[in-house]
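Biologist: I am new to this model. Please take one part of it and look closely, then tell me how that part sits in the chain.

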Amino acid sequence: MNKTKIMRKHLDHIENKEEVMFAVESESDFGFLNTHTEEMVGYLKPRESEVILDIGAGTGDHSMNLARKLSTGRVIIADLSKQKLSAIEERAKSHQVYNLDTCGLISSTLPFADQTFDAVTSRLGLMYFSNIELLVTEMVRVLKPSGRLSITLWNTSDHNLWMSHLHASLIRHQGITEPSLSTSKLFCSVDQVPMARYLRVAGLKGVVERIVKWNALTAEMQEYWPYLYASMTPVAVDTLIGQSELSKVNEEIINDLNSMYSESAVLETSAVHFYGQK
């Protein structure tokens, strides 16, 4: 079973994990990602009547930020999880954001005609898909001529401490020296995905990549980790250590953060922003 199918199966059928994820989503916009989001929106510069596609929308805050800047335009959110899309729809209504539609995906192929969107974006959402190269090609395909594309990937694990803790926990639970699937690959960080090349081959012009750095308090990462645990970790560990070990991995990550850092401690975090025009 490929990564996309595992992700869809997990999100659509494991209700207790869904409840953890949406409980976190309903309570937090993960404000420490604001710098990241502002960087992407600043490049896209949404225009009033545009139609924008957001892939793998997470908590929906990036989509809503874009939608608020469109007086007559709309944002379409495409995601692998029907439950996540339903939760985002409800969340958008509670924030009085109504120019937002959703579309369920079943693979890396997008169900849209060529040259449909004025802009396409994805904030850390590509890591859920099994064929990222195909997905990037599809993202460029559905862009209108001169349309803008803005996506981000996690920087490498040495720039993201929580990745290192997950890596260590997987090693302990597998009982081997190195895990069979590294956290860099699990989270599709820039050392695993030749994103700039994918974009250029797909036809994007003037491709630029920029490192986006921000600081997160330990307390904020303690909020964010359960979301990652619920929505991402099973993609890897279902085949590495078994579902029964998931709760132990989760507990270890939280304990590591609690024991090593105070709630006010600052953790450096970063992603890489790729953007260009068709």
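**A helix and its surroundings**

Modeller: Helix α3, residues 34-44, has these buried residues: His36, Thr37, Glu39, Met40, Val41 and Leu44. Buried means under 20% relative accessible area, exposed means over 50%, and partly exposed lies in between (1.4 Å probe, protein chains only). Helices are DSSP runs of H or I with at least four residues, strands are runs of E with at least two, and both are numbered from the N terminus. After α3 comes Lys45, with a positive phi near 45 degrees.

This is a predicted model, in which local features need pLDDT of at least 70, side-chain atom pairs count only at pLDDT 80 or more, and totals for chains, interfaces and linings use all residues. Residues are numbered from 1 along each chain as its sequence is written, and side-chain values use heavy atoms, leaving out hydrogens and water.

Most residues other than glycine have a negative phi. Gln96 has a positive one, near 60 degrees. Gln96 sits in the loop between α5 (82-94) and β3 (100-104). Gln96 is exposed, at 63% relative accessible area. Ser146 is not a glycine either, and its phi is positive at about 70 degrees. Ser146 belongs to strand β5, residues 143-154. Ser146 is partly exposed, at 48%.

Now a helix pair. Helix α6 (residues 132-141) packs with helix α9 (residues 195-202) at about 45 degrees, their axes 9 Å apart. On the α6 side, Ile132, Glu133, Val136, Thr137 and Val140 take part. On the α9 side are Met195, Tyr198, Leu199 and Ala202. Contact means heavy atoms within 4.5 Å. The residues of this contact divide into 7 nonpolar, 1 polar and 1 charged (Ala, Val, Leu, Ile, Met, Phe, Trp, Tyr, Cys and Pro are nonpolar; Asp, Glu, Lys and Arg are charged; the others, Gly among them, are polar).

Next, a strand residue. Val272 lies in strand β7, residues 266-277. Val272 is buried, at 5% relative accessible area. Leaving aside residues up to four places away in sequence, Val272 touches several others, including Ile151, Leu153, Val190 and Ile211. Val272 and Leu124 are 148 residues apart in sequence, yet 9.5 Å apart in space, C-alpha to C-alpha.

Last, the whole chain. Its secondary structure comes to 12 helices and 7 strands. Of its 278 residues, 55% count as buried. Among contacts with a separation of 6 or more, 80% join residues 24 or more positions apart.

Notes: Axes are lines fitted to C-alpha atoms, for helices over the stretch in contact, and angles run from 0 to 180 degrees between N-to-C directions.
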